[in-house]
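Work through the two exercises below with the sequence and model at hand. Each task is followed by its solution.

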Amino acid sequence: MKYENAKNILPEKLLKEVQKYAEGKVIYIPKQESAKGWGEASGYRDRLNKRNTMICNRYSAGHSIMEIAEEFYLSPETIKKLVYGKKVNLPMFSPTITSAENYASQGLGEEWVRTYLSSMDEDVPDYSEYFMSELVRIPLRLISKNNDEPVDSGAEDFSDLPLIVIYENHTFSVPYQQEYLKYLKQEKRNSHYAFVFARNEEYRFFWNNFGKNFQR
């Protein structure tokens, strides 16, 4: 181990304080404990790993992709990525389409949504009640908005953000991002990237009637 002269690396005031207790002595200053990684404090990573292991076990046991998708309320594309993919390394999160694509490409689109909504102090839709799509391009004409008031200033700062769309009662809505939706429509965007949550009991109707409108 290489030793350093404290005079060369410590501020003068701090050096004088250290000299009060250890003048002339060789001391070891340990590294700070590393911060816990993503999901370690909450236990979410463990739950996600267990869920993904269960998915792979179901597939190994002969269950079909569609059966597993319906059991875990995930899209068939997400299940395919989990059972065919390599070891997952969680991408860097940012509130952007690029980040969402990176998560979705590893079957972790739901984690991107969870992290994004948590940053807004919003609750994530209950995955046991909704079927979540892959990241898709949805025609904005399908989505209703509450009013036609001009968009608030600053919404353009989020022009690279996916929408979180809820489909229930045969209606598409954007409960978390109304200002952003108004901005996109004001800009005359025809379509935009989104994660779509469809009520389980409405999923087949949703997919049969609207699935062909989505692009990846």
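**Exercise 1. What volume does the largest cavity have, and which residues line it?**

Step 1. The largest cavity has a volume of about 50 Å³. A cavity is a set of points, on a 1 Å grid over the protein atoms alone, where a 1.4 Å probe fits but cannot get out. Its volume is the space filled by probe spheres set on the points.

Step 2. The model is predicted: local features need pLDDT of at least 70, side-chain atom pairs need 80 or more, and totals for chains, interfaces and linings use all residues. Residues are numbered from 1 along each chain, and side-chain values use heavy atoms, without hydrogens and water.

Step 3. List the lining (an atom within 4 Å of a point): Leu74, Thr78, Ala104, Gly107, Gly109, Glu110, Met132, Ser133, Glu134 and Phe195.

Step 4. Assign elements (DSSP runs: helices H or I, at least four residues; strands E, at least two). Those giving two or more residues to this lining are α7 and β1 (130-139). β1 gives the most, with three.

**Exercise 2. At what angle do helix α6 and helix α7 pack?**

Step 1. Take α6 (residues 97-105) and α7 (residues 109-119). The angle is about 140°, and the axes lie 7 Å apart.

Step 2. Classify. Under 35 degrees is roughly parallel, over 145 roughly antiparallel, 65 to 115 roughly perpendicular, and the rest oblique. The two helices, α6 and α7, are therefore oblique to each other.

Step 3. Find the contacts (heavy atoms within 4.5 Å). Ser99, Ala100, Tyr103 and Ala104 of α6 meet Gly109, Glu111 and Trp112 of α7.

Note on methods
Axes fitted to C-alpha atoms, helices over the stretch in contact; angles between N-to-C directions. 1 Å grid on protein atoms, 1.4 Å probe; cavity = no way out; pocket = protein on both sides within 12 Å on 5 of 7 lines; lining within 4 Å.
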